[in-house]
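Q: I have a new structure open. Can you walk me through it?

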Amino acid sequence: MTTAPPKYHEPVQGTIFHGDGREEALQKHLLQLPALQSDATKHLSLFDRSQRVLDAIHEFGKGANRYLMSVGDTKGKQVEELIAKRKPKLILEVGTYVGYSGISFSRQLLEAHPDATYPADWSSSGSSSNRAGYICLEKSEVYASTAQTAFELAGVVKAIKVLVGGSSSSIKSLRDALGLSKGQALDMIFLDHVKFLYSTDIKLLESEGLIDIGTVIVADNVVKPGNPAYLSWVRATPAQKKASLNKPALTEQPETTPNPPSSEWSTAFRDGPLDETRWAFPEAEGYSAPGDPSLVYKSSMLGGWDPYTQEEDACEVSECVGRE
Ligand SMILES: C[S@@+](CC[C@H](N)C(=O)[O-])C[C@H]1O[C@@H](n2cnc3c(N)ncnc32)[C@H](O)[C@@H]1O
């Protein structure tokens, strides 16, 4: 994409931009908006009904002190296209906030699998046609509650399960929570939570066997604010990852690697995992795993824009294509 969308906000880094009551205000706003109530939406297609909720969230976010940290409609649309093309049946989202990406991406899952209902048991031997679902991990109960309201209004709720809690502990217990049999992996993962946990959590997902050949991982915000550590893991070869895991344990937190010059985004971080990928951050609540270094990813950037500040950003899309 070469043309930036209109700008609604000044950059918000360094100021309060969530958790000041705006998410509760959004929930109230959505519940009161006449255009979103069932009388007004029951005759609409799933796409039109869900789009009304996305537009309402987006409009709300244009207000003063109302910035919402959602994936937005440029990067979001690109990911929707990817889902429409690949038709994944089991998608995990890490970091749900008020549900914008959850609505965008789960409606594509429902378009591809219209009978999808979130199943009680994924391993059941019965018909697999309706075994499809969108799992949301969100740390904040307040944000998860707003997201749940948005999912209900958008008509996507039957295929969604929201799990409240820290991502690393939720990932560790995910196989049991979902009733997944040994060997079953996720089809798609969307990482959009606290940035320095991306590499911890992808390694946990690998070690739990939830990433396998065919799984696609989409990681948001790899340019703004950037995530060199994560990129260095998904862009590393199995040999580089194995060598990194054999290094002596770190005794102090390594310095944060800065972002590269913008001309080098696509080519940077291909010399093996950075030391940050081996550091245990307190936010992981004591959970860590070596990952599965044998997995081979085909990884590239999908460019886009922050929906409100007009700043350039991108998702890294990494497809697991083999084992070495
Ligand atoms: C950028 S927002 C997600 C935006 C959302 N994916 C969208 O596009 O609409 C990041 C979210 O991650 C959540 N979060 C932060 N750390 C987390 C953690 N360790 N586990 C789960 N969620 C976390 C935050 O509470 C916040 O709601």
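A: Let's begin with a term: two strands pair if DSSP finds at least two bridges between them. Also, keep in mind that this is a predicted model.

Q: OK, bridges. Which residue stands opposite leucine 90 in strand 2?

A: Glycine 133 does.

Q: And how many bridges join strand 1 to strand 2?

A: There are 5, and the two strands run parallel. Strand 1 covers residues 90-94. On strand 4, strand 1 has 4 bridges, again parallel. There, isoleucine 91 has methionine 188 as its bridge partner.

Q: Is strand 1 buried or exposed?

A: Mostly covered: 5 of its 5 residues are buried. Leu90, Leu92 and Val94 are on one side. Ile91 and Glu93 are on the other.

Q: Why two sides?

A: In a regular strand, side chains alternate between the two faces of the sheet.

Q: Zoom out. What order do the strands of the sheet take?

A: The order is 3-2-1-4-5-7-6, in an open sheet of 7 strands with mixed pairing. Strand 3 (160-164) and strand 6 (295-305) are the edges, and each pairs on one side only. On average, neighbouring strands are turned by 15 degrees against each other, ignoring direction.

Q: In which sense do strand 6 and strand 7 pair?

A: Antiparallel, over 11 bridges. Lysine 298 stands opposite glutamate 319 of strand 7.

Q: Which strands does helix 4 touch?

A: Helix 4 (residues 73-86) packs on the sheet and touches strand 4, strand 5, strand 6 and strand 7. Its direction makes about 140 degrees with that of strand 6.

Q: New topic. Which residues touch the most other members of the largest nonpolar core?

A: Val53, Val98, Leu109, Ala147 and Ala150, out of 77 residues in that core. Helix 6 (residues 141-154) gives the largest share, 7 residues.

Q: What does valine 98 touch?

A: Leaving out residues up to four places away in sequence, valine 98 touches Glu23, Leu26, Ile57, Leu68, Ser70, Tyr143, Thr146, Ala147 and Ala150.

Q: Last one. How many residues surround the ligand?

A: The count is 20, and the closest are Val71, Gly95, Tyr100, Ser101 and Ser167. By class, the shell has 8 nonpolar, 8 polar and 4 charged residues.

Q: Which helix and strand each supply at least two of the shell residues?

A: Helix 5 (100-112) and strand 2 (133-138).

Conventions:
Residues are numbered from 1 along each chain as its sequence is written. This is a predicted model: local features need pLDDT of at least 70, side-chain atom pairs count only at pLDDT 80 or more; totals for chains, interfaces and linings use all residues. A nonpolar core is a set of buried Ala, Val, Leu, Ile, Met, Phe, Trp, Tyr and Cys residues joined through C-beta atoms within 7 Å. A residue is buried if 20 or more other C-beta atoms lie within 10 Å of its own, exposed if 12 or fewer, and partly exposed in between; C-beta atoms are placed from the backbone. Two residues are in contact if their C-beta atoms, placed from the backbone, lie within 7 Å. A residue is near a molecule or strand if its C-beta atom, placed from the backbone, lies within 6 Å of it. Ala, Val, Leu, Ile, Met, Phe, Trp, Tyr, Cys and Pro count as nonpolar, Asp, Glu, Lys and Arg as charged, and the others, Gly among them, as polar. Axes are lines fitted to C-alpha atoms, for helices over the stretch in contact, and angles run from 0 to 180 degrees between N-to-C directions.
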